[in-house]
Amino acid sequence: MPTAVDGAPSAPPRVASGGARERILDAAYELFLHRGIRDVGINELISRAAVAKATFYAHFTSKDELVLAYLERCHQDLTVEAIIADTGRRTENPAGRIMAIFDVLDGWFRQDDFQACAFVSTMLEMGPAHLLGIASIEYLAQVRVFMRALAVEAGLEQPDIFARSCHILTKGSIIAAVEGDRESAVFAKRMAASLIRDHGGEVPMAP
C-alpha cells in the first residue's frame, strides 16, 4: 500500500476502470467517503458510474451489498497489515510499536486530503446493530487485536483491558481530528504512554 512522505498510510490514487463493477465501486468510494452512506442514492451512483440500472443490479443486488464492497476496498487501502508493517519499520520494541501507532495516525491526520475513517463514519451513521455498522466494528476490532498482541509481547498486565483502553484512544483521536484537531494523535500518544506505565510496562525513549 502506498505511504505518504511522512510515513502515514495513504490511499492510492483511483484510476478509472473499464469494468462496470469497478466503475460502480470507484463512484461509491468517492461519494461515500465524502458524504456518507444515506446521503447518496442508487440513481446518483448509477449516473456517476455511467452504467445502466440493470447493470448496477447485476453486480450489486442492493445498496448494502455495495457498501460492504466499499468497506472492503477501504480495508484494502488502509489495512491493519499496513499499520503493522509501518510500526515494525519504526521500532522492534513492542511497547514502542504501540506508541508508533499514534505516530502513524498523526501523519494521516496532517495530510491535506485527510478524511474520516470510513469504518468509524459508517458505524456512527448506520448504528452498531445495522449490518453495515457490524461490518465496520469488525474491521475496527482488528486494530484492537493487534494492540493486544503487542501488549502481551511487551509483558503488560491485563492485556485485554489495555487493548480496549488504547483502542478508545485511537478512535477518539480520529473523531477529534475530524473536528479539526490535527494534533489529537499527539495527545492520545501521551495518554497511551501513561496506560503502558499503568499496566506495568516501560515506555521506550524516542529515537
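Me: How are helix 4 and helix 7 oriented to each other, roughly parallel or roughly antiparallel?
Reply: Helix 4 and helix 7 are roughly antiparallel, a label for angles over 145 degrees. In this predicted model, local features need pLDDT of at least 70, side-chain atom pairs count only at pLDDT 80 or more, and totals for chains, interfaces and linings use all residues. Residues are numbered from 1 along each chain as its sequence is written, and side-chain values use heavy atoms, without hydrogens and water.

Me: At what angle do the axes of helix 4 and helix 7 cross?
Reply: Roughly 150°, with the axes of helix 4 (residues 63-77) and helix 7 (residues 118-126) coming within 10 Å. Axes are lines fitted to C-alpha atoms over the stretch in contact, and angles run from 0 to 180 degrees between N-to-C directions. The helices are DSSP runs (H or I, at least four residues), numbered from the N terminus.

Me: Which residues meet there?
Reply: From helix 4, Tyr70, Leu71, Cys74 and His75 meet Ala118, Phe119 and Thr122 of helix 7; contact means heavy atoms within 4.5 Å. That contact has 5 nonpolar, 2 polar and no charged residues. Here Ala, Val, Leu, Ile, Met, Phe, Trp, Tyr, Cys and Pro count as nonpolar, Asp, Glu, Lys and Arg as charged, and the others, Gly among them, as polar.

Me: Is Thr122 buried or exposed?
Reply: Thr122 is at 2% relative accessibility, so it counts as buried (under 20% relative accessible area, 1.4 Å probe, protein chains only). Beyond four places away in sequence, Thr122 touches Ile37, Tyr70, Leu71, Gly127, Leu132 and Ser136.

Me: New topic: what does Lys63 touch?
Reply: Lys63 lies in helix 4 and touches Phe32, Ile37, Arg38, Val40 and Ile42, leaving out residues up to four places away in sequence.

Definitions and conventions. Helix = DSSP H or I, 4+ residues; strand = E, 2+ residues; numbered from the N terminus. Parallel < 35°, antiparallel > 145°, perpendicular 65-115°, else oblique. Buried < 20%, exposed > 50% of the residue type's maximum accessible area, 1.4 Å probe, protein only.
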